[in-house]
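Student: Please take me through this model by question and answer.

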Amino acid sequence: MSFPFYIARRYLFSKKQHNVINLISGISVVGVALATLAMVCVMSGFNGFQDLIGNLFTAFDPQLELVPTQGKVMAEDDPSLVAVKRNSKVAAATNSYEDNALILFKGRPLVIMLKGVDDNFTKTSGIKNILYGQGEYLLRRGNLNYGIPGYNLALQMGGLNFGTLQICVPKKGEQINLANPIENINVDDLTASGICFQVNQQKYDDNLMLCSLPFVQGLYNQEGCITKLELKLKDGVDEQVAKKELQQLAGPRFRVLDRYEQHEETFNVMQIEKLFAFAFLTFIVLVACFNIIGSVSMLIIDKTKDISTLSHLGATNKQIVYIFLFEGWLISFMGAIIGIVLGLIVCFLQQQFGLLKLEPTGGGNFIVDAYPISVHALDIVIIFFTVIIVGFLSVWYPVNYLSRKSMDSQA
């Protein structure tokens, strides 16, 4: 143990000539601890919402998704796609075609997203786990094509048994003739299947209609074409390793996306919000560290005689400065440790008992009753070093200046 650190530790825990110094030191520790606690809870809250949304997406979205880098469609028999499907890490693959369409329900037009899938869709998604209604999962039987709407879309159409819908899309490469628009529009019928799905995401539940792939390809005059290849990996396969391998196999004409990249805009916004919250809380930590400056400044004044004694005993100016620097760093270190421990305890209590409710008065339509919390080890490490670094920087110049000024006055 170094001499400056030993003296600093003794100063921190020993009784001072003026009790107010002990009080200010305690306030400094509490201030840093509370700021650290806030950082842990807020960052874990952002992680909780991000993980919650990610879990909701997994019920409908594929584990990996392959899309073209240029254009919107690709041939489903493309050799690169065939090679990806046959890869040993792939358990199942689904051809999918998505595009906007217009439905005419009781004379009222409604723009929807039409998603056509093949028979493997149940293997690459958790669609059967989010179905509601008395019917069965069925997209095509004979000449009949069935549509499975999102929950909110079904409500807009009056319920699950909406009968038969006319699906309208413009013909490829043709401009609409305002005098006779029907000439430039493809129209086909979808029959109610008696069921709907609910992902608890507006993007899906409000305007998505699930149907068979041949129906959508024929409606858009895109036989043999798809917009996405959806993949599910075999159990135990590392997703990132498989993604990299499949990307090399697919080549530069295609992109392989994981679930987060499929909703890049949503998660980027959440990351930006988290970054701004972290920066704001770091500023609060900096303000809390100003208490440390006051505490160390008063300690320097209180220990003026000690400084003189240490100088006569052979302590260098640098060692004396480091005594008070270590004093400030110990305060920030204690505050960081206490704050992290308390923050983890608060996060644990929130996870177990849901102390902070999203809707205290009840009657809300939230997916969860309480704020979701997810503690990430990397965030805890970043928070700890942030507090330590901010504490280090905040006391460096003031302590150097005050210590040398005090030593000069003793000379």
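Tutor: A residue is buried when its relative accessible area is under 20%, exposed when over 50% and partly exposed in between (1.4 Å probe, protein chains only). The model is predicted, so local features need a pLDDT of at least 70 and side-chain atom pairs a pLDDT of 80 or more, whereas totals for chains, interfaces and linings use all residues. Residues are numbered from 1 along each chain as its sequence is written, and side-chain values use heavy atoms, without hydrogens or water.

Student: Is Lys274 buried or exposed?

Tutor: Lys274 belongs to helix H10; helices (H or I, at least four residues) and strands (E, at least two) are DSSP runs numbered from the N terminus. Beyond its neighbours within four places in sequence, Lys274 is in contact (heavy atoms within 4.5 Å) with Met43, Phe46, Asn47 and Asp379. Its relative accessible area is 12%, so Lys274 is buried.

Student: What share of the residues in the protein is buried?

Tutor: The protein has 13 helices and 14 strands. Among contacts between residues at least 6 apart in sequence, 79% join residues at least 24 apart. Of the 411 residues, the buried share is 47%.

Student: Which residues that line the largest pocket are the closest to its centre?

Tutor: A pocket is an open set of points on a 1 Å grid over the protein atoms alone, where a 1.4 Å probe fits and protein lies on both sides within 12 Å along at least five of seven lines; lining residues have an atom within 4 Å of a point. The largest pocket holds about 650 Å³, a volume being the space filled by probe spheres set on points joined across faces, edges and corners. Among the 28 lining residues, the closest to the centre are Glu65, Glu98, Lys203, Lys228 and Gln262.

Student: How many residues of the lining of the largest pocket are charged?

Tutor: Elements that each supply at least two residues of this lining include strand S1 (64–68), helix H6 (202–205) and helix H10 (264–302). Asp, Glu, Lys and Arg count as charged; Ala, Val, Leu, Ile, Met, Phe, Trp, Tyr, Cys and Pro as nonpolar; the others, Gly among them, as polar. Beside eight nonpolar and seven polar residues, the number charged is 13.

Student: Which element gives the most to the lining of the second largest pocket?

Tutor: The second largest pocket has a volume of about 350 Å³. Of its 22 lining residues, the closest to the centre are Asn100, Val169, Pro170, Lys171 and Tyr220. The lining divides into 14 nonpolar, four polar and four charged residues. With six residues, the element that gives the most is S3.

Student: Where does Asn221 lie, given its positive phi?

Tutor: Most residues other than glycine have a negative phi. Phi of Asn221 is near 55°, and at 40% relative accessibility Asn221 is partly exposed. Asn221 lies in the loop between helix H7 (213–219) and strand S12 (225–226).

Student: What is the relative accessible area of Asn200?

Tutor: Asn200, too, has a positive phi, near 65°. Asn200 is in the loop between strand S10 (195–197) and H6. Asn200 is partly exposed, at a relative accessible area of 35%.

Student: Which exposed residues does H11 carry on the face turned away from its buried side?

Tutor: In helix H11 (residues 304–312), the buried residues are Ile307, Ser308 and Leu310. Seen down the axis, they fall within an arc of 165° and so line one face of the helix; the arc is that of the directions from the axis to the C-beta atoms. The face turned away from them carries Lys305 and His312.
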